[in-house]
Amino acid sequence: MSKEVIITGSSGLVGSRIVDCLPRFSFHGVAREVNPEYPGRENLKKYSRYDILNVKELEQLIGESPAEVIVHCAAFFPGVDQLEPQRIQGRDSEAWNVNVKASKSLAEICEKHGRHLILAGTTYVFDGRNGPYTEGDDPNLCNPKIMSFYGIVKREQEKVVADNCSSYSIFRFEMPYRTLFTKPDFARRLLNLFVDGKLTSMFSDQSITPIFLDELARAVEILIESKAQGVFHIGSADITSPYLFAVDLITRLYGSEAASIIQKANYSETPLPEGKAQRPLHGGVLMGKIVKLGYEPKTNSMMIQDFARGFSRIQI
């Protein structure tokens, strides 16, 4: 009999792909809004529409479920830039309510009922001055003035989970992408720009470790099985830049001549456009703890190749 696992945000970019890639588990999907369009929904054993802010209903669901593990992917995330205007509202913003207050309640419920909570985090909890970052680096030492509001909110979310639940895992990652979804991700945005003739330059001085979501799911599988405690970094085995990633992606799908139009630019020398959120300059992650648990990370080139294979099949 397969193990039941509750997963919030099960119709989102990350949550739905975890469900798709791990059919060995009986996932009980919980989402604020039902998304009937995402592929793989049939892999859910159960699907419930719950408002993550409704503490009473959430506690009833968890208390009556045999699931020992809760994977928390639900978030208010219209985009890093789109979230920036809520900085003015701070703790009164919708982002804070959904990402911080609701996560605190969920952590308290998991503690009360003896459940292990796995939180989807982000590398944007760091300010990008001293990356790539290890699990031992303290995001509380980072400067909020050069962080996005998204990063500040997610940093606070990590705190309330760690402070209110004694059995938890937090997996940090950045720039996720997958072969098929209803909304653009890191790779899809680049492809859309290319098709529209707007992918003319990319930053070559930023350090990033993007993750193909099929690979992220393998790491989450390890965390579900082990209930390992603490913070875990998940990303590519090597550090890359947006420029190198874009060139590799376009070369694999359209050829080297097509990719030759992409020019190098420097993030450090580019004024931040009005309304845009700050991104880490020296970001990315270094993996230690998840590798010790048996996870074998892939390089960016390997993951882009996996993406390209699936992308080609879809286009055909």
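**Close-up 1. Aromatic pairs in the predicted model, with the pair of Phe-186 and Phe-245 in view**. A search of the whole structure, which is a predicted model, finds 12 aromatic pairs. In one of them, Phe-186 and Phe-245 form a tilted pair, with 4.8 Å from centre to centre and 40° between the planes. The pair links distant parts of the chain, since Phe-186 belongs to helix α6 and Phe-245 to helix α8 (residues 242-254), 59 residues apart. Phe-186 counts as buried because its relative accessibility is 13%, under the 20% cut-off, and Phe-245, at 1% relative accessibility, likewise counts as buried.

**Close-up 2. The edge-to-face pair of Phe-203 and Tyr-267**. The ring centres of Phe-203 and Tyr-267 are 5.1 Å apart, and their planes make an angle of 80°. Phe-203 lies in strand β8 (residues 201-203) and Tyr-267 in the loop between β11 (263-265) and α10 (289-292), so the pair ties together parts that are 64 residues apart in sequence. Phe-203 is partly exposed, with a relative accessible area of 24%, whereas Tyr-267 is buried, with a relative accessible area of 13%.

**Close-up 3. The ring cluster that includes Phe-186**. Ring pairs link Phe-186 and Phe-245 with Tyr-177, Phe-212 and Phe-307 into a cluster.

**Close-up 4. Lys-289 over the face of Phe-232**. Lys-289 lies at 4.5 Å from the ring centre of Phe-232.

Methods: Residues numbered from 1 in each chain as written. Predicted model: local features only at pLDDT ≥ 70, side-chain atom pairs only at ≥ 80, totals over all residues. Heavy atoms only, no water. Phe/Tyr/Trp six-rings, centres within 6.5 Å; stacked < 30°, edge-to-face > 60°. Helix = DSSP H or I, 4+ residues; strand = E, 2+ residues; numbered from the N terminus. Buried < 20%, exposed > 50% of the residue type's maximum accessible area, 1.4 Å probe, protein only. Lys NZ or Arg CZ within 6 Å of the ring centre and 35° of its normal.
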